[in-house]
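Please examine the predicted model shown below. The paragraphs that follow take up the fold of one chain and then the interface.

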Amino acid sequence: GNSVTQMEGPVTLSEEAFLTINCTYTATGYPSLFWYVQYPGEGLQLLLKATKADDKGSNKGFEATYRKETTSFHLEKGSVQVSDSAVYFCALPVRGGADGLTFGKGTHLIIQP
Amino acid sequence: GAVVSQHPSWVICKSGTSVKIECRSLDFQATTMFWYRQFPKQSLMLMATSNEGSKATYEQGVEKDKFLINHASLTLSTLTVTSAHPEDSSFYICSARAATSGATYEQYFGPGTRLTVT
């Protein structure tokens, strides 16, 4: 099945710093790719997604580009805020598009004022 | 919109007993629901896929007789942990895919249920 490797944290940054969380994947074909965020005490929320190669997903200042050449989907944000502190998960379907998801191990992001 | 709830949010049970966890899509119909397990400080692991009106499909290594899944309606799926043991203690999370999701296959996640078996 498909798999994903994600940089592990915790990642600690100061407010307004630039953020990159690396994610690479192994997959059959070109499945949709997702970033989910889990705030303390809450369930997973979809942050952004990309459905085909070269697509850029974006939401709340976060961006990620589907790079089939490097099989990557790195998450970036130009200026992080304290409220961005959370755990971020990269994910893709276990096998095909209609399947459940396989997740990276999660990156705990801590933003300090 | 697209809210998924789980009940209970946490449960403690004695070893050997069974526990049922409910997953509901509150404002949409879900043809497919998924059950995941999350160990402390680790990622989510897909356990099974349940489609309304049919038997669940379990991932390799997941005991179907221990983790009984029922998806009797388009808004409700249940996971029953039978004869629970301490090693079944975990965080169980469900997700639901809307009947109208089309090619996006977007899933909406519940807040999770913390199970502790003593």
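Chain B has 118 residues, a length at which a compact globule would have a radius of gyration near 13 Å; the value for chain B in this predicted model is 14 Å, and therefore agrees with that expectation. Along the principal axes, the C-alpha atoms of chain B occupy a box of roughly 40 × 25 × 25 Å. Of the 118 residues in chain B, 49% are buried.

The secondary structure of chain B consists of 11 strands and 0 helices, so that reading along the sequence gives the pattern β-β-β-β-β-β-β-β-β-β-β. When contacts in chain B between residues at least 6 apart in sequence are considered, 55% of them join residues at least 24 apart.

The interface can now be considered. Contact between the chains involves 18 residues of chain A and 18 residues of chain B. The area buried between chain A and chain B is about 1,400 Å², and carbon and sulfur atoms contribute 55% of this area. On the side of chain A, the residues that lose the most area to chain B are Leu44(A), Ala98(A) and Phe103(A), which together account for 28% of what that side buries.

Polar interactions also link the two chains. There are 6 residue pairs in polar contact between chain A and chain B, both residues being at pLDDT 80 or more. The count of salt bridges between these chains is 1: Arg95(A) pairs with Glu59(B), with the closest N and O atoms 3.0 Å apart. In chain A, β5 (33–38), β6 (44–50) and β11 (101–103) each provide at least two residues of the side that touches chain B. The residues of that side comprise 9 nonpolar, 5 polar and 4 charged.

Technical notes:
Residues are numbered from 1 along each chain as its sequence is written. Chains are lettered from A and ligands numbered from 1 in the order in which they are written. This is a predicted model: local features need pLDDT of at least 70, side-chain atom pairs count only at pLDDT 80 or more; totals for chains, interfaces and linings use all residues. Side-chain values use heavy atoms; hydrogens and water are left out. Contact means heavy atoms within 4.5 Å. Buried area is the accessible area (1.4 Å probe) that two parts lose on being put together, summed over both. A salt bridge is a side-chain nitrogen of Lys or Arg within 4 Å of a carboxyl oxygen of Asp or Glu. A polar contact is a pair of N or O atoms within 3.5 Å; within protein, one must be able to donate a hydrogen and the other to accept it, and residues adjacent in sequence count only if both atoms are side-chain atoms. Helices (H or I, at least four residues) and strands (E, at least two) are DSSP runs, numbered from the N terminus. Ala, Val, Leu, Ile, Met, Phe, Trp, Tyr, Cys and Pro count as nonpolar, Asp, Glu, Lys and Arg as charged, and the others, Gly among them, as polar. The radius of gyration is taken over C-alpha atoms; the globule rule is 2.2 Å times the number of residues to the power 0.38. Buried means under 20% relative accessible area, exposed over 50%, partly exposed in between (1.4 Å probe, protein chains only).
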